[in-house]
Amino acid sequence: MGPPRPLPLLLFVLLLALLPSPPAAAAAAAAGGLSAWGALRGAAGSRRASPAEQEAAAAGVLRRLLPSYARSFSFQIDSKGSVCGESSCFRINNVVDNSGTGGAEILIQGTTGVELVSGLHWYLKYWCGAHISWDKTGGAQLASVPSPGSLPHVKGEGVKIERPVPWNYYQNVVTSSYSFVWWDWKRWEKEIDWMALQGINLPLAFTGQEAIWQKVFKSFNVTDRDLDNFFGGPAFLAWARMGNLHGWGGPLSQNWLDQQLALQKKILSRMIELGMVPVLPSFSGNVPAVFSKLFPSANITRLGDWNTVDADPRWCCTYLLGPSDALFIEVGQAFIKQQIKGMYLSFVSLQHMKLDFVPKFLNQIKGIYRYSFFLLSFWMYAEYGDVTNIYNCDTFNENTPPTNEPAYISSLGSAIYEAMSRGNKNAVWLMQGWLFYSDAAFWKEPQMKALLHSVPIGKMIVLDLFADVKPIWKMSSQFYGVPYIWCLLHNFGGNIEMYGILDSVASGPIDAHTSYNSTMIGVGMCMEGIEQNPVVYELTSEMAFRDKKVEVEDWLKTYSYRRYGQANAEIEKAWRYLYRTIYNCTDGIADHNKDYIVEFPDISPSSFSSQLSNRRSMSIRSNRRRFFLSEVSGSLPHPHLWYSTKEAVKALELFLNAGNDFSRTLTYRYDLVDLTRQCLSKLANEVYLDAMRSYQKKDLNGLNSHTRKFLELIVDIDTLLAADDNFLLGSWLESAKSLAVTENERKQYEWNARTQVTMWYDNTETEQSKLHDYANKFWSGLLKSYYLPRASKYFAYLTRSLQENRSFQLEEWRKDWISYSNQWQSGKELYAVKATGDALAISRSLYRKYFS
């Protein structure tokens, strides 16, 4: 891979002397609770950005967002605490005398670059009526921002917004595969800007870790050939990292490893410039198979099968090095040290060394920067440098301990933390709390306490991952005193489905924070896939800055105004319908899109006749390592439906009525297409059931009629989605291919991209992957080329069954369909990357066709 490229960074000793020194370890906090703000200041590593760097980074976000307003705002880090004191805040004020600020109109002060950018976002939202979401959910609506020189004034002495809790966390460990996998730096730069605007200061940073593991494992005599069978393919790295699978979709080329490591360094540098504290990976025990040969006496166990069809050893049953083994600590320490790896050289000491090049070099530096050389220092980074003290490890999500004995569980937790702390003495363990929900039968109070108290209080942070639906803090006495972050999970598999629990978001973090003996220290967003349901994420990110519950209906009124750039009575009424239907899921069921179009039942129709009248049932299966919803053999799955579809259609009608005023607005068009798709896909579920009833009654004419309507709905939805750039299969595939350097990589990446959103995992001739359709997407191109042929084949076999008066040939259909699916996964067909058609006209036409 070649020698590491040095990345110079000039640090001024004088400036460093002015920075606050790290506080004492949180473990030394008083028994009454953790000093949350002290933990925040101590979480960053030594590689911090100076106030000037953070101000410049905030200005960079503004330049990329609103380039013509670059001189309209002034940013100032509150390094002395005169504005925010001991807390974290931003303050928005007018620039009274702008003669010395280059014409700036608005001054934003804050504790970090993130606070500065959050303040900018708050001002744009609540003074200028602007709205900012992901590009794929409509992007930014900035037309309502007054022109430079005419920005609205802030009343009085300004507005100060303090964080009630210090952390705003972001990402799920699988988001890296469902959403980020094909991103380049241009897309990552946009995402980091979005993070800062939302106030996120604690993001997961998992990109490029395989290149680090390659170096670490080679130091343990593991070869590249061994690693080919260990790393998963690009679209499946999240599950290879967790020890669910190995080798599937791989191997990884050196081009990929180098490319992703270089990308990670850019990502981390930008996060640090903005004052974020990235969360890096740590060792969870997942090792290559060769470890059992290299270290025969080590405590290495082979895990059970994880969702393969027939326990194929090429992909399943990974190897776990036990935390109690001394080798675990050795590997874990090496991994963290490799990430931190760097070399510090002080110019003060260099001048005393007898090296001829030093004086000349220092004089050049002195001439360029016009600072005396003895005030300068120099870092040379092999990897990231000391950028954080927070590390993620979720080994128990992957592997239930062999015994529920609390002493044993405590020893395992202690060993995991020891591996971290030997690599970084200030390490804090961040752990997903999903296991306490998904494996609740095992994790009772004694076991939870044993794990949570296995490290000093303040050295572990738990993500209450599913707090929007199943808050663990309530049934665990605030995680038995351990700091935690209230999190929204919301999305599984990167599915496209309108869904949310806005009331829970608007009140849950406040309830947690104000509860008796609260140990809550943050708000988090942990969706498996991003770029959907922007209303849910905007409200969640705001809750990191709010200390009172939000009146959702009032908030939605301002949200709709900002999102579309103007007020409209029919749009406001539509959002009231959406609030009490789609965004009011109170049944306690985790949503995963199981609409029949995108998750077609893989069962014989003769086996579920008695269930056709039960439209609201749903089978839920929980796997110990990954959570997913799936049909049980012989049981008809019913898509999750928690609201009145008639009221949702009424909301669609109101959206359409407002179309003439908003048709050019990208945010409106996205929401219109998404809502129309939602209504049509729920209608298709009813049509499918009607077809099954006709089959049961041996009504061939009825079956043919409902079949035609179901297939026609697929085509019509595809046509609708094709009218918006944000619902295109082609964009996903082309982004995958664009990262390839060689033709082999191009084929591999496209196969990875196609497979993840369809079959997902392995299959046989007659049995689909157990995870088929888990990452299903409503994308134009995917509906016509994949879901339509599947449904067409099924209904053709169904029709033939009635015509020939014989039983449904399930095995034959499976062979036919799976063969087609595997061919499609390996295909090279091109799909559109630009929208075609008028979204408003198409939506109106479909409304008249199906709902009038």
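This is a predicted model: local features need pLDDT of at least 70, side-chain atom pairs count only at pLDDT 80 or more; totals for chains, interfaces and linings use all residues.
Biologist: Why is strand β20 called largely enclosed?

Modeller: A residue counts as buried if its relative accessible area is under 20%. In β20, residues 520-525, six of the six residues are buried, so the strand is largely enclosed by the rest of the structure.

Biologist: How do you know that β8 and β20 pair?

Modeller: Pairing requires at least two bridges between the strands. Strand β8 (residues 167-170) and β20 have four bridges, in the parallel sense. Within this pair, tyrosine 169 stands opposite glycine 524.

Biologist: What makes β19 and β20 a pair?

Modeller: Again, at least two bridges are needed. Strand β19, residues 484-488, is joined to β20 by five bridges, and the two run parallel. Isoleucine 485 stands opposite glycine 522 in β20.

Biologist: Why is the β-α-β unit with β19 and β20 called right-handed?

Modeller: The test is to view the strands pointing away and follow the path from the first strand over the helix to the second; clockwise means right-handed. Here the helix is α20, residues 502-514, and the unit it makes with β19 and β20 is right-handed. The path therefore runs clockwise in that view.

Biologist: Which strands form the open sheet, and in what order?

Modeller: The order is β2-β4-β3-β7, four strands with mixed pairing.

Biologist: What makes β2 and β7 the edge strands?

Modeller: Both β2 (73-77) and β7 (159-162) pair on one side only. As for the angle in this sheet, neighbouring strands are turned by 15° against each other on average, with direction ignored.

Biologist: How do you know that β3 and β4 pair?

Modeller: The criterion is at least two bridges. Five bridges join β3 (residues 89-94) to β4 (residues 106-110), and these strands run antiparallel. Isoleucine 92 stands opposite isoleucine 108 in β4.

Biologist: How much space lies in the largest pocket?

Modeller: About 1500 Å³. Its lining has 49 residues, and the closest to the centre are Asp135, Lys136, Arg187, Lys190 and Glu531. The elements giving two or more residues to that lining are α3 (51-65), α6 (185-198), α26 (666-696) and α28 (729-738).

Biologist: What makes a residue part of that lining, and which element gives the largest share?

Modeller: A lining residue has an atom within 4 Å of a point of the pocket. Helix α6 gives the largest share, eight residues.

Biologist: How many residues of the lining are nonpolar, polar and charged?

Modeller: The lining divides into 22 nonpolar, 10 polar and 17 charged residues. Asp, Glu, Lys and Arg count as charged, so the residues named as closest to the centre, Asp135, Lys136, Arg187, Lys190 and Glu531, belong to the charged class.

Methods
Residues are numbered from 1 along each chain as its sequence is written. Side-chain values use heavy atoms; hydrogens and water are left out. On a 1 Å grid over the protein atoms alone, a cavity is a set of points where a 1.4 Å probe fits but cannot get out, and a pocket is an open set with protein on both sides within 12 Å along at least five of seven lines; lining residues have an atom within 4 Å of a point. Grid points are joined across faces, edges and corners, and a volume is the space filled by probe spheres set on the points. Buried means under 20% relative accessible area, exposed over 50%, partly exposed in between (1.4 Å probe, protein chains only). Axes are lines fitted to C-alpha atoms, for helices over the stretch in contact, and angles run from 0 to 180 degrees between N-to-C directions.
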